[in-house]
Amino acid sequence: MFDVFALGPTGWGDEMLMGAVMTVLVSSSSLLLGITLGIVFAACKLSNFFILRAIAAVYTTIIRGIPELLVIYLLFFGGSSAVMYLAKIFGYMGYIELNAFTIGTIAVGAISGAYSTEVIRGAVNSVPKGQFEVGKTLGLSGYSLYGKIIFPQVARIALPGIGNVWQITLKDTALISVTGLVEIMRQSRIAAGSTHEPFIFYTAAIILYLLITRLSNIFFDSAEKKYSKGYVAKEAL
Amino acid sequence: MRFELMYESFFKIVEGIPLTLQVVSISTILGIFLAVAVALMRISGNRLMSLPAYYFVYLIRGTPLLLQLYFVYYGLSQFEVIRESILWPILKEPYWCGIITLTISTGAYSSEIIRGGILSVSKNYIEASGALGLSQIKTFILITLPITVRQALPAYGNELILMVKASSLISIVTLMEITGIARTIISKTYAPVEIFLVAGSIYLVINFIIVIFVNLAERRLGIEKAT
């Protein structure tokens with residue numbers, strides 16, 4: 001029964017593992033894009049300009065109210081022409097086709113970004129106003145204020161939330177399989193199709209996802225510990 | 001923007017709304033029963049009950065819904081035993097596989113919401129109820145459940161919206177609900193933006209209506225907004 005998972009050309013073991021690597025790669029790049037979008041749109045939501053707040057509200061409402069699959073279809077079928085349209089403005093007339101990895105990262109990153117926006121906004125809001133005021137009083141601004149004083153506090157509070165977003169993002173990447181990117185989901189479909197053993201391969205896929213979840217939980221737990229060092233000591237007193 | 005195409009496809013996509021709503025409501029209702037059962041198992045204090053419930057929730061929350069759907073639809077049908085069992089007429093239908101998968105999924109997610117709600121019920125109420133001579137079952141139905149509903153409703157409203165979104169996945173196993181029809185039109189007309197706007201708006205309207213209803217229910221039950 002386990003022959004099908006042999007490594008090398010006779011079995012699907014190495015292919016499934018490569019699928020898992022692809023899932024982790026596309027999830028990580030989507031999370032990074034999502035956090036970047038999250039920082040930008042959280043800044044928009046917290047800004048004093050109505051238009052910026054409105055744009056951010058439209059973005060998060062659309063992503064949170066529309067199925068992920070539709071967003072992926074939009075980018076899968078429309079992504080390349082959108083990029084070509086932009087390229088034309090800059091004078092490039094050639095044909096551009098985005099690969100499945102790029103489209104997947106943009107789609108899942110956009111979805112992930114809406115959740116990150118809320119997490120980051122909440123975290124920034126929970127930093128006491130006094131911290132900003134004291135920083136400014138000390139004459140700090142720019143990187144020394146936001147990078148050294150505010151960011152560590154935001155990171156500590158946002159980390160558990162980002163851990164949840166990672167979990168959602170990881171699962172959302174399974175949807176990219178419909179665009180042809182060979183990650184766990186797609187690979188197990190291919191293997192199931194050619195061996196006529198869907199049960200075994202979908203079970204293997206389940207185990208791979210649970211394994212990635214387990215490992216990332218360990219990672220996030222230790223990161224949380226690292227960022228809340230000072231706070232743990234305070235509570236122990 | 002091809003507005004005429006948007007106008008025409010609107011009427012085609014609208015035809016998918018009944019299927020979406022049907023699948024969502026059937027699996028939501030079945031899912032509530034599953035969720036209450038799983039939540040009660042988890043807080044039962046008996047490891048033989050709570051451990052399976054814990055692993056069930058872990059398994060469902062840790063894997064993508066699409067994979068669960070494939071597992072039920074393609075994975076189970078591999079076995080002769082299942083193909084010859086009385087369950088086969090159900091398990092060979094993508095419609096029922098979709099409902100089974102969505103029920104299991106929402107059952108796992110909502111069980112956590114319900115568990116949180118039940119745990120939030122103060123012990124004083126339970127003790128007071130016992131002192132008044134109410135049986136355990138009566139205490140659960142008359143005291144615990146109403147308070148749980150109040151506690152869990154805001155989070156459950158979110159779960160309903162997630163269910164509407166999740167139901168789009170059944171289009172992958174050939175069911176022609178909103179997303180399925182939208183996808184077909186996109187691949188025929190190659191107008192992804194237009195069709196996305198039409199189908200997306202329909203989803204937003206459905207979810208907006210759900211939000212309104214949940215808010216109404218919250219107000220009736222006297223739940224104060226945490227914001």
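Figure 1. Where pLDDT is low, the predicted coordinates should not be read in detail.

**Figure 2. Chain A as a chain of helices.** Chain A contains nine helices and zero strands. Along the sequence the pattern reads α-α-α-α-α-α-α-α-α. The C-alpha trace of chain A spans about 70 × 60 × 30 Å along its principal axes. Chain A has 237 residues, and buried residues make up 38% of them. Of the contacts in chain A with a separation of 6 or more, 75% are between residues 24 or more positions apart.

**Figure 3. Helices α1 and α7 of chain A.** Two packed helices are described by the angle between their axes and the distance between the axes. Helix α1 (residues 13-45) of chain A packs with α7(A) at an angle of about 155°, and their axes are 7 Å apart. Because an angle over 145 degrees counts as roughly antiparallel, α1(A) is roughly antiparallel to α7(A). The crossing of these two helices, α1(A) and α7(A), is right-handed. On the α1(A) side the contact is made by A:Glu15, A:Met16, A:Gly19, A:Ala20 and A:Thr23. On the α7(A) side it is made by A:Ile184, A:Gln187, A:Ser188 and A:Ala191. By class, the residues of the contact of α1(A) with α7(A) are four nonpolar, four polar and one charged.

**Figure 4. Helices α2 and α4 of chain A.** Here α2(A) packs with helix α4 (residues 100-126) of chain A at an angle of about 120°, with the axes 9 Å apart. That angle makes α2(A) oblique to α4(A). The crossing of α2(A) and α4(A) is left-handed. From α2(A), the contact takes A:Ala56, A:Tyr59, A:Thr60, A:Ile63 and A:Arg64. From α4(A), the contact takes A:Ala110, A:Ile111, A:Ala114, A:Thr117 and A:Glu118. The contact of α2(A) with α4(A) has six nonpolar, two polar and two charged residues.

**Figure 5. The contact between chain A and chain B.** Chain A gives 26 residues to the contact and chain B gives 29 residues. The elements that give two or more residues to the side of chain A that touches chain B are α2 (50-65), α3 (68-89), α7 (184-195) and α8 (198-227) of chain A. The most comes from α8(A), with eight residues. The residues on this side of chain A divide into 20 nonpolar, three polar and three charged.

**Figure 6. Chain B as a chain of helices.** Chain B has eleven helices and zero strands. Its pattern along the sequence is α-α-α-α-α-α-α-α-α-α-α. The C-alpha trace of chain B spans about 70 × 50 × 25 Å along its principal axes. Of the 227 residues of chain B, 37% count as buried. Among contacts in chain B between residues at least 6 apart in sequence, 79% join residues at least 24 apart.

Notes:
Residues are numbered from 1 along each chain as its sequence is written. Chains are lettered from A and ligands numbered from 1 in the order in which they are written. This is a predicted model: local features need pLDDT of at least 70, side-chain atom pairs count only at pLDDT 80 or more; totals for chains, interfaces and linings use all residues. Two residues are in contact if their C-beta atoms, placed from the backbone, lie within 7 Å. Helices (H or I, at least four residues) and strands (E, at least two) are DSSP runs, numbered from the N terminus. Ala, Val, Leu, Ile, Met, Phe, Trp, Tyr, Cys and Pro count as nonpolar, Asp, Glu, Lys and Arg as charged, and the others, Gly among them, as polar. Axes are lines fitted to C-alpha atoms, for helices over the stretch in contact, and angles run from 0 to 180 degrees between N-to-C directions. Angles under 35 degrees count as roughly parallel, over 145 as roughly antiparallel, 65 to 115 as roughly perpendicular and the rest as oblique. A crossing is left-handed if the near helix is turned anticlockwise from the far one by less than a right angle, and right-handed if clockwise. A residue is buried if 20 or more other C-beta atoms lie within 10 Å of its own, exposed if 12 or fewer, and partly exposed in between; C-beta atoms are placed from the backbone.
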